[in-house]
Amino acid sequence: MAWLLDDFAFLSVLLKAATLAFEAFVIGGLLYIALIAIPAGPAAQPVLSRCRSGIRRAAMMLAITELLFVAVDSAILMGTVGLSVREILRADYFLAGTGAMLASLVLFLILEGAAARIASIAKFLLFSLPFIAVLAAASVWTSHSISRLDDRLVTGLLTGLHQLAVSAWIGAMPFLLISIPAVTGRETARFMARRFSSLAMVCVAVLISAGIALSYFYVGSVPALYGTAYGFMILTKSALLLVLLALGGTNWWLVRSLDCQAWDRSGVANSKPLETSTQPLLFLRRIGEAELGIGFSIILAAASLTSQPPAIDLVEDRLTGAEIVERYHPIVPRFTTPSVDQLSPATPLEESIHSYDMSAVAKAHNQDPDIAWSEYSHHWAGLILLGIGAGAWLAARFPRFGWARHWPLGFVALAIFSFLRGDPENWPFGPISFWKSFYDPEVALHRIYDVLIASYGLFEWGVQTGRLKSRKAAYVFPVIMALGGAGLLLHTHALGNVKNELLIEMTHNTLGVLAVIAGWARFVEVRLPIGQGGRVSRIAAQVWPACLLLIGFMLLNYREA
Amino acid sequence: MTLPSRSTLKWRQVSLRAGIASSALFVLVGLLLATQAIGHAILVRSNPKANEVVASGDLKLELEFNARVDAARSTLHLLLPSGETKKLELLPQPSPAILVAKASRLAPGTYSIRWQVLTNDGHITRGEVPFKVK
């Protein structure tokens, strides 16, 4: 069971991200009904049942993920420490997870019956408060604050405020997006959008203030901010937040323009659903979808933070500004590669699985030729990405260059290159045969990943060349890119050298942010009606190819030592 | 305008579903490609220190972390020079962030303390402190 600790530890971060996301949706949904839907009056009645349905689904998913989170941790403890079930039951994480799970299940069961008849803001808030309190408390109970030696109360309160603000903003956003097409009458839609906009501004102020205060306790200084993994993840979250605020600002402007926009020039209240309008409400929904996606990426980054030691505790092996500058100043890419014979011998599978010290295993496998091999691979991957980005930009900007539409085939080339270079001790370069290479789980996953990249490239090629005409097909590429970017925020590499690991993590985080931005920019472009996207569509069409080019340039400058 | 044939429509439908399914698998596989156990309890002080040389006999082992640890659900093992591993009984904690144990009658050789801790917020971290007995 000990060797599973590595994989399950990562799984527990994923589950933590899921619990944070679903918790945000549950709390956000309850607050949305209380503060926005109910005050909108009878015209918003069609909205209430949709919102309750959404909250129930989120509550069920939260219960499931909490159960899995508790089960994973318990399985590891029982397998490695030899604890009995009775001994597990008293652990703090078990009590918190079980409390959240039970609260979610009760909410799922009673929301449709008990809450359906509540028409008053105060009564609905009274109904929601116990669930919000239990979920928030459970979340704080499994945050850094509970494990701190000092200032537990202050950091706990700040953590709770921070998470509640995220829930009331990002968590409530899906409910605004499902409300707009369900509402009849422009006045009601305008009221709800304006009210949500005001709520969002308050939430942003609270979460930024609480976040800065938490940084005082968990980061402590500017050098810790850029010199540690925790600190750099805070910067990554902040960068994504800035993107979110830019989108939010656009939506704020759209909401204000609702006051001036006349859809029905006769002045009569329009009884048709506003979904069909190509005016601000449609743009608000599309940009809101991108906000939601980026908000989820921030939640993923937050989950990653929960598993890292606070920067203030890491006094050794911090990166200095000079080291960062030295690593990232531009270099000439490697165009020569060491031969396979020069690489370190492969670590036996048994040893790598059972080792208590992964960094020692990684260090033995990270000598100069290994570094050169990896850097060469990354530089050529960067060239391929540059080609992909340039092709995507040309195809969008100059449609007369029909050959540029074949840019997704670059992913097929990338997959083939990765297959050949990714695991040199295996076929075709190394002594381990093609079929035996699958005995190593990581190699097997790499192979599957390469096949999927190639398939994904072919799929998008079908979309670009018109072979796949479905609108839904066009969403696959941007969503995968955005999710892949968010996944990069969780990715770590053991190299046996803490500073090198930090520098590579910085690269990963930056690549992840660019991929997230690229994915959601392309998503917005595709989601807007063809030919009616206006300035928003034009900006989005420039942003995502530019992000691909930047990713290519970063990979060209990639170094591991 | 010529409508697509039924076989073409079916091919496109299959392609779309295959694309979505492979995309889901793509994300799942990508997310599984993590390489390192992560946890946020770090060792800030230990007795003995890493790679320290100590005298033979009885030795009090003390490990201090940056966060509160759940001692009832944490372990210390001692890797002996013979390659065997011996589980150590934890003594009462002098502080919420410290684990204490006693190793008796240590003969000369190379040892290693293997620790695994559960912090109060549910994260599990492990590590190793090698030392020598002269």
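The questions below take the terms one at a time.

This is a predicted model: local features need pLDDT of at least 70, side-chain atom pairs count only at pLDDT 80 or more, and totals for chains, interfaces and linings use all residues. Residues are numbered from 1 along each chain as its sequence is written, while chains are lettered from A and ligands numbered from 1 in the order in which they are written.

Q: What makes up the secondary structure of chain A?
A: Chain A has 21 helices and zero strands. Helices (H or I, at least four residues) and strands (E, at least two) are DSSP runs, numbered from the N terminus.

Q: Why are H19(A) and H20(A) called roughly antiparallel?
A: Helix H19 (residues 473-488) and helix H20 (residues 498-527) of chain A pack at about 160°, and their axes are 7 Å apart. Axes are lines fitted to C-alpha atoms, for helices over the stretch in contact, and angles run from 0 to 180 degrees between N-to-C directions. Angles under 35 degrees count as roughly parallel, over 145 as roughly antiparallel, 65 to 115 as roughly perpendicular and the rest as oblique. H19(A) and H20(A) are therefore roughly antiparallel.

Q: Which handedness does the crossing of H19(A) and H20(A) have?
A: H19(A) passes H20(A) in a left-handed crossing. The term applies if the near helix is turned anticlockwise from the far one by less than a right angle, and right-handed is used if clockwise.

Q: Which way do H9(A) and H11(A) run, roughly parallel or roughly antiparallel to each other?
A: Helix H9 (residues 186-218) and helix H11 (residues 229-257) of chain A also pack at about 160°, with axes 11 Å apart. H9(A) and H11(A) are therefore roughly antiparallel to each other. H9(A) passes H11(A) in a left-handed crossing.

Q: Which residues of H9(A) and H11(A) meet?
A: Among them are A:Ala193 and A:Arg194 in H9(A), and A:Ile234 and A:Trp252 in H11(A). Two residues are in contact if their C-beta atoms, placed from the backbone, lie within 7 Å. By class, this contact of H9(A) with H11(A) has seven nonpolar, three polar and one charged residues. Here Ala, Val, Leu, Ile, Met, Phe, Trp, Tyr, Cys and Pro count as nonpolar, Asp, Glu, Lys and Arg as charged, and the others, Gly among them, as polar.

Q: Is A:Asp151 exposed or buried?
A: A:Asp151 has 12 C-beta neighbours inside 10 Å, so A:Asp151 counts as exposed. A:Asp151 lies in the loop between helix H6 (144-147) and helix H7 (152-171) of chain A.

Q: How do you know that H12(A) is largely enclosed by the rest of the structure?
A: Of the 27 residues of H12(A), 24 are buried, so H12(A) is largely enclosed. For chain A, 47% of the 561 residues count as buried.

Terms used. A residue is buried if 20 or more other C-beta atoms lie within 10 Å of its own, exposed if 12 or fewer, and partly exposed in between; C-beta atoms are placed from the backbone.
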